[in-house]
Amino acid sequence: MPKNELGIAKNQIKLVDYDPDWIGLFENMKKSICTATSLHPNRVQHIGSTAIANIQAKPVIDILVGVDHLEQVAMYDEYLKTIGFYRLKVQRENEYVYATFKDTTFDVKTHFIHMVTFESDIWKNLIFFRDYLNTHSEQKLEYQKIKQSFVDLQSEGIQEYTAHKEQFVHYIFSLRHSL
């Protein structure tokens, strides 16, 4: 049983302490995603701060799903609905975002899927970011401070929160090409 309840409301920003149970919650959802979509397990990865050990995170499990062709997104919509994921209206280049919700009010999101093309740059960057922070404690701590500095000022504004972290995230992405 997780020590922190999963879920954030629309536009809410809150950070909670790392919970090792997040790994099991991801693994359970991964099985459901693979069963629903017939995707190979290597195409479903745990990303985001809940995948980075001992760092505070928004209590939402972020999942990276790699598909062959994003043009087939409508097919995945149907498969993912069977396990409670709904495509959001979020507009991102080369990415579709889905969410599951705590209940039928659709107010509190508990999981996100970031669907991208498998082995694309965005796929590789997101995996690299997770792995790099898990093996570099100084950068992990810096990322934690950046996130906390935003939350210290406000508890709403997902776009502003993302923009606040963007320079650091892109810096880590740039390291993928130099290592």
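Predicted model: local features only at pLDDT ≥ 70, side-chain atom pairs only at ≥ 80, totals over all residues.

**Entry 1: the cores**

I started with the largest nonpolar core, which has 23 residues, and found that I33, I63, I113 and M115 touch the most other members. A nonpolar core here is a set of buried Ala, Val, Leu, Ile, Met, Phe, Trp, Tyr and Cys residues joined through side-chain atoms within 4.5 Å. Buried means under 20% relative accessible area, exposed means over 50%, and partly exposed is in between (1.4 Å probe, protein chains only). I looked up which elements give two or more residues to this core, and they are α1 (21-37), β3 (61-67), α2 (73-81) and β6 (108-117). Helices (H or I, at least four residues) and strands (E, at least two) are DSSP runs, numbered from the N terminus. The most comes from α1, with 5 residues.

I noted a second, separate core of 13 residues too, with F128, F168, I172 and L175 among them. In soluble globular proteins, nonpolar side chains tend to be buried together.

Residues are numbered from 1 along each chain as its sequence is written, and side-chain values use heavy atoms, with hydrogens and water left out.

**Entry 2: around I113**

Which residues does I113 touch, not counting those up to four places away in sequence? I found I33, I63, V65, L80, F85, Y96, V97 and Y98. Contact means heavy atoms within 4.5 Å.

**Entry 3: rings**

I looked up the aromatic pairs next, and the structure holds 11. Rings of Phe, Tyr and Trp (its six-membered ring) pair if their centres lie within 6.5 Å; planes under 30 degrees apart count as stacked, over 60 as edge-to-face and the rest as tilted. F118 and W123 have ring centres 5.0 Å apart and planes at 70°, so I wrote them down as edge-to-face. F118 and W123 are both buried.

Y143 and F168 are a stacked pair, because their planes sit at 15°, with the centres 5.4 Å apart. This pair links distant parts of the chain: Y143 is in helix α4 (residues 137-151) and F168 in helix α5 (residues 158-178), 25 residues apart. Buried or exposed? Y143 is buried, at 4% relative accessible area, and F168 is buried at 6%. I also saw that F129, Y143, F168 and F173 form one aromatic cluster.

**Entry 4: strands**

I checked β5 (residues 96-101): 5 of its 6 residues are buried, so this strand is largely enclosed by the rest of the structure. Strand β4 (residues 86-87) runs antiparallel to β5, joined by 2 bridges, and Y86 stands opposite A99. Two strands pair if DSSP finds at least two bridges between them. β5 also pairs with β6 in the antiparallel sense, over 6 bridges. There, V97 stands opposite H114.

**Entry 5: the whole chain**

I counted 5 helices and 6 strands, running β-α-β-β-α-β-β-β-α-α-α from the N terminus on. Of the 179 residues, 48% count as buried. The C-alpha atoms fill a box of roughly 40 × 40 × 30 Å, taken along the principal axes. Last, I looked at contacts between residues at least 6 apart in sequence: 60% of these join residues at least 24 apart.
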